[in-house]
Amino acid sequence: MIARLVSLLLLAGAALAAHAADFDYGLRPQQVAEDSWVLIGRTEDITRQNGGNIVNASFVVTRDGVVVIDTGPSRRYGEQMKAAIAMVTDRQVVRVFNTHHHPDHFLGNQAFDSVPLTALPATQSGMREQGGAFADNMYRMAGDWLTGTEADAARESAHAGRVSIGGHDFELLALDGHTAGDLAVFDRTTGVLYAGDLIFLDRAPTTPHASLAHWRHSLDVLSRLPVKRTVPGHGPVHDDGRGIAQTRDWLDWLDATFGRAAAEGLDMAEVMRLPLPPRFEGMPLARSEFERSVTHLYGAYEQQVMNTAAQRHLQQK
Amino acid sequence: MKRLMASLTMALGVVAIACASDADPLKSSRWPDLQRQYLGEAPVTFDPRVEVLAPKVAEDSMNVPVTVKLQGLPDVRRVMVIADYNPIVKILDYQPLLARPGLSFRIKLQQASPIRALVQTGDGSWHAGGAWVDAAGGGCTAPSTGRSAPDWARTLNQVQGRVWHDGLNQRLRLRIMHPMDTGLAPGIPAFYIENLAIEDAQGQTLLKLETFEPISENPVFSFDLPDTGEALLRVVGRDNNGNRIDAKVQP
C-alpha cells in the first residue's frame, strides 16, 4: 500500500517536473461572457514551479480584432497567451491594455510588441523606471521560465473615458491606490469588469506601491458600476460584490491593525507576528502578504506617532 | 514494536540534544569561521530562549526589521548581532545594563543570510539564536537615500523619541536622522553612528549600544527600560566623524 502510494507520488512528481521542464503554463481560456475569455492564474506566490502564472489575464474577441488585458509574468507567458487566443479565434490582437506596472501583469508584453501597448501615464513611467528590477526579481523567483524576458513598457497612454472597439463599448477608469496608476476596464457591452489588482478574491492583496486611502476610494468608484461579472487581478471570477467587499475588508483591517500597533509602540518585526483574524487565516498568502505589508506601510504609521510625540514631548538640545 | 519506538525516541532525543548544543541549526557554511572570529574558543549553545524575529523574505533590503527577543534567559550582559553573508558582518553590540536584554532595529542586507544574536550571560557563556532572511540583494552597496536630498546635513543626528509605559517597563522608541553610509557605495565613505547610550535623569547609564554600518539609514530602535515614571531620558551618542547625538525624551 505504502509502496504504491510512494510510486504514485513519484509519478506525480515526475509529471510536474516534466511540466516545468518544457515551460508550458498550460493556459486554457475560460469563457466568462460572449466574446470574453480569461486565463485564470493560481492563487500562489511566484515560484519555479508555477513560473509566475499567478495572475488573471483576459482577452475580448471583437469584430475588429482582439483586445488583451494584461499579458502575464514573462515573455513565454505572452507567447503562450497568443497561442491560447489562437485556439478560440483567428483574429489578430489589435490592442493591449496593461492594468498597472507590476511585473506579473506586463512582462508578457514582448509577445505583443507590434500591437499598441497601452497603459495609464503613471503606469508607463513605473514600467520604465522599475521594469528592469522587476524582471530581475521575477527571474530570481521563477528561474528559467523568464528566459528572454525584458520589460517592454507600454508606449501609448490610456486616459479615462469610453473607447469603442469592434462593437464593444469599453469604459476606461483611471484609478489608483494599488499602485500610482490602476486602469480598470469595464466592458459595457458584456457587463464584465476587468479590475486589475484593485480587486483580489480569496488571495491576500499585495501592497508594495499601495495607498490604502486611494485604494478604498477606487473601490467606491468600482462598486457604483453596473457590473455583471468581475475578473479580479488574482482569484476567481465572480458575479457579486465579494471581491470588492473582501479587498476592502483586508485594507480596513491592515489600516486598523497598523494604527493600533503604532499607538502601542510595537516595532515592525513584532507587528509581523500579530495574529491574523480567523476570517483571513485560511486565505492563501495571508501571512506572507501581511508581513510584506508591514514593510511597505508600517513606517508611515509609526512616523506619525513619533511626530505627534516629538511636538508634545521632545526637547532637542 | 514498542522497542523500536523506544529506540527511535531515544535516537530523536539524542539528535535534538545535539542540535541544541553545537551544530548550527541555520546550517551556514560561514558559521565556524564567524564563531572563531567573534567568540574565540568560548563554548556556545544554540538556545531556543534566544529568538530573532525577522521576515522570511526581505521585502526592502535597505530596511529589514529585526527584533531580538530573550525570554527566560537570566543575567544577560551582552548581545551581539551579526549577519553571516553581509559584506560587513557585525551589526551591533548591545550591553543592556539596567534595560531589558531584547531590542529592535532595522538593517541593510546585501543577500540572503542568517541573522544571529549571540548572547553572553553573567557566567561568561554564550547563547545563540537566529533566523534566515531571504533577500534580493543590494542593501549594503547602495547609497543612502538621504544623500540625494540636499538638506540631510541639516537634520543630522536629530532624534525623535517616544515612551510607552506598560506599568512595569517603559518602551523607548527612537529615530535618529543619519545616512548610515556603509562605505561600500562608490565614492561615499563610511559614515555611521558608532555609539549610543540611554541615561536616566540622574546621569546613570541604563543601556549602551555600539552600532555598525549595516544598521539602516535614519535608524529606528526600540528598547525596554525599567519604568522611571515621568523622569527625563537622555540619549547620547557619536558617529564615526565625531558628530554628537544628545537629546532628551520626556516620557
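**Strands of chain B.** I looked up strand β5 of chain B and found four bridges joining β5(B) to strand β6 (residues 90–95) of chain B, antiparallel. Strands here are DSSP runs of E of at least two residues, and helices are runs of H or I of at least four, numbered from the N terminus; two strands pair if DSSP finds at least two bridges between them. B:I82 stands opposite B:K90 in β6(B). Six residues lie between β5(B) and β6(B), which form a hairpin. I then noted seven bridges from β5 (residues 76–83) to β8 (residues 113–121) of chain B, also antiparallel. There, B:R78 has B:Q120 of β8(B) as its bridge partner.

**Basis.** The model is predicted: local features need pLDDT of at least 70, side-chain atom pairs count only at pLDDT 80 or more, and totals for chains, interfaces and linings use all residues. Residues are numbered from 1 along each chain as its sequence is written, and chains are lettered from A and ligands numbered from 1 in the order in which they are written.

**Contact of A and B.** I counted 24 residues from chain A and 26 residues from chain B in the contact (C-beta atoms, placed from the backbone, within 7 Å). On the chain A side, α4 (121–142), α7 (268–271), α9 (286–312) and β13 (315–316) each give two or more residues. The largest share, nine residues, is from α9(A).

**Confidence.** For pLDDT (the predictor's confidence in each residue, from 0 to 100), I noted an average of 92 in chain A, with 90% of the residues at least 70. Over residues 310–317 of chain A pLDDT stays under 50, and the model has 16 contacts beyond four places in sequence for them. Residues 5–18 of chain A also stay under 50, with one such contact.

Note on methods:
Contact = placed C-beta atoms within 7 Å.
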